[in-house]
Amino acid sequence: MKKIFLIFAAALFALSSVAFAKPYGEKSRPDRVGDIVFADGTATAWREGLTLTEEQKKAAVAVIFYAGTECSNGGERRVLGVGLRNATDRGNTLAWCTSSANAYSMRITTIQCDSDGGAGEHTFTGDLDGSDNLEQIGAFLRENRIPDDTADEENYPAFYFAKNYAETEGSNVRGTKFESGWYLPSIAELFQIWKKRERVNAAIEACGGTKFYLSNSYSYWSSSESATVDFLAYSLYFALGGWLYFPKSNSSKHVCAVRAFN
């Protein structure tokens, strides 16, 4: 009987510890640009002078860069966050896909996102939400009776860095409810990071993450394909917010991972 009581008491203590665990963030969920998201789903708004504890840094998983409807294909409100680490942390840059991938020379209309306006002033139409673009590539290949090779990570390096973001050292998402759901952003979503780059970079730095390079020599892949040339895809320069098309096999581009936090 005493043993049963001790087991019962230990179980109650464990439950109470979970129930009354102090949240990492100051609010129950992220909802604004600059919010730092923690592994328990809570968030803290970045502001000048903010200092996180070491425990908070280890629990930080993302920084919110967008909250609105401009990056929605159906008009719904989305809250999007970017991971604290990017492919640079692995010591390399990545290709959109390899030249031997079956999507390399394919014009895939469902992942096209057209831009209008000059550097830093873009507006976008088409596929604004990049969350299913890898799946859209696979669907296009199958519909056109081309072997779907999108399950092969080596064929689509940039997409799989984002998809497997939990494997990146320092991502802090392994074993959390945010372990999955990461993806390579569309050019419209990537542009939203650029628009809020100073706040996003400051919040990432507060978490001990990797900031976006604001230099003419650095650009980041989007998951959006060119509407005019089969083997080109959008890349965004973070110096001035200008985009350029590059061959999908270009392996000199940086890659980040984003996720919805609605």
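Q: Where is D127 found?
A: D127 is in the loop between β6 (123–126) and α3 (133–143). Helices (H or I, at least four residues) and strands (E, at least two) here are DSSP runs, numbered from the N terminus. Keep in mind that this is a predicted model, where local features need pLDDT of at least 70 and side-chain atom pairs count only at pLDDT 80 or more, while totals for chains, interfaces and linings use all residues. Residues are numbered from 1 along each chain as its sequence is written, and side-chain values use heavy atoms, with hydrogens and water left out.

Q: Okay, and is D127 buried or exposed?
A: D127 is buried, where buried means under 20% relative accessible area, exposed over 50% and partly exposed in between (1.4 Å probe, protein chains only). D127 has no salt bridge, meaning a side-chain nitrogen of Lys or Arg within 4 Å of a carboxyl oxygen of Asp or Glu.

Q: Which side chain of opposite charge is nearest to D127?
A: R78, and it is 8.3 Å away. For charges, Lys and Arg count as positive and Asp and Glu as negative; His and the chain ends are not counted.

Q: Which side chains does D127 make polar contacts with, then?
A: The side chain of N73 at 3.0 Å, and the side chain of N133 at 3.3 Å. A polar contact is a pair of N or O atoms within 3.5 Å; within protein, one must be able to donate a hydrogen and the other to accept it, and residues adjacent in sequence count only if both atoms are side-chain atoms.

Q: Switching topic: where does Y183 lie?
A: In the loop between α4 (157–163) and α5.

Q: Why does Y183 count as buried?
A: Because its relative accessibility is 6%.

Q: What joins the side chains of Y183 and E189?
A: A polar contact of 2.9 Å. E189 is itself one of the buried residues in α5.

Q: How many residues of α5 are buried?
A: Eight of the nine residues in α5 (residues 187–195), so that helix is mostly covered.

Q: Zooming out, how many helices and strands are there?
A: The protein chain has six helices and 10 strands.

Q: And how much of the chain is buried?
A: Of its 262 residues, 48% count as buried.

Q: How big a box do the C-alpha atoms fill?
A: Roughly 75 × 45 × 40 Å, taken along the principal axes.
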